[in-house]
Amino acid sequence: MSGLGLILGGLLAAIALVVWFMWHKRMTSGEEFGLLPKARDREERDSLEEFVAAYRRGEVSLKEEASPPHAPAAPAVAATAGPPPERREPALPARRDPFLSGATKLAYYVCKSGLRDHHVFAHVRMQSLCSGKLDPRLAESEISLLVCNAGLSIIAAIDVIGSEPASTDAAKAETLRSLGIRYLRLSAKSLPRPEEIGTLLYRM
């Protein structure tokens, strides 16, 4: 019995040693509890690093390969997306000051000086001159100055053109003609004198 007990005890001790050895090996490798990356994780990490390095060297295009092999797509996008664009607030409108400037301002003074019993309005929309609906592009276009008599009846529409010749807006000219409104285009280089403006507006 004593010999059988020794053999049985030795067998149990051997089994306990094998179990302890296997448990110790798993603990030191860290794979059982996820303490260290597993072999597949290491492969994916190495593959991703190789892809990023190749992209920086210009050897890989995102059009050719959207994501590195054996790696999720999100890290590849994050590596190339860059910082998000800055969000800019829209600029607040500023008051136009002065309301008129340049040649338009000078033409306004010419009309006010030469036509003291008239009213002169600036930056008038074409749609304001008629009751019917105009083509949207024509309706939003402006005339530089609108001259009215003492009773606020429209006498003439004036466009002040710059030093460079400007193309004639045929639709605007035809619409004003159909409304019975005289249409003048005054050059900034050769504005009439105050005493001449009345003749220009009322000549037949």
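This is a predicted model: local features need pLDDT of at least 70, side-chain atom pairs count only at pLDDT 80 or more; totals for chains, interfaces and linings use all residues.

Me: Where does His-118 sit in the fold, and is His-118 buried or exposed?

Reply: Look in the loop between helix H4 (102–114) and strand E1 (119–125). Buried means under 20% relative accessible area. His-118 has 8%, so it counts as buried. Leaving aside residues up to four places away in sequence, His-118 touches Lys-112, Val-147, Cys-148, Asn-149, Ile-155 and Tyr-202.

Me: Next, the strands. How do E1 and E2 pair?

Reply: For strand pairing, check the direction and the bridges. E1 and E2 run antiparallel, joined over six bridges. To get your bearings, find Ala-122, which stands opposite Leu-145 in E2. E2 also pairs with strand E3 (residues 154–161), again in the antiparallel sense, over four bridges. There, Leu-146 faces Ala-157 in E3.

Me: Why is strand E2 described as largely enclosed?

Reply: Because six of the seven residues in E2 (residues 142–148) are buried, the rest of the structure largely encloses that strand.

Me: How should I read salt bridges?

Reply: Side chains of opposite charge can pair when their charged atoms come close. The count here is seven salt bridges. One of them joins Arg-125 and Glu-140, at 3.0 Å from N to O. Arg-125 belongs to strand E1 and Glu-140 to helix H5 (residues 136–140), so this pair ties together parts 15 residues apart in sequence. Arg-125 is partly exposed at 32% relative accessibility, while Glu-140 is exposed at 52%.

Me: Which residues are linked in a network of salt bridges?

Reply: Arg-193, Glu-195 and Glu-196. Between Arg-193 and Glu-195, the closest N and O atoms are 3.0 Å apart. Arg-193 is partly exposed, with a relative accessible area of 48%, and Glu-195 is exposed, at 57%.

Me: Last one: which residues make the nonpolar surface patch?

Reply: Leu-17, Val-18, Trp-20, Phe-21 and Met-22 make a patch of about 560 Å². Take Leu-17 as your way in: this residue lies in helix H1 (residues 2–29) and is exposed, at 55% relative accessibility.

Conventions: Residues are numbered from 1 along each chain as its sequence is written. Side-chain values use heavy atoms; hydrogens and water are left out. Helices (H or I, at least four residues) and strands (E, at least two) are DSSP runs, numbered from the N terminus. Buried means under 20% relative accessible area, exposed over 50%, partly exposed in between (1.4 Å probe, protein chains only). Contact means heavy atoms within 4.5 Å. Patches are made of residues with over 30% relative accessible area and no salt bridge: like charges are joined within 9 Å, nonpolar side chains (Val, Leu, Ile, Met, Phe, Trp, Tyr) within 5 Å. Accessible areas come from the Shrake-Rupley method with a 1.4 Å probe; for residues, only the protein chains shown count as cover. A salt bridge is a side-chain nitrogen of Lys or Arg within 4 Å of a carboxyl oxygen of Asp or Glu. Two strands pair if DSSP finds at least two bridges between them.
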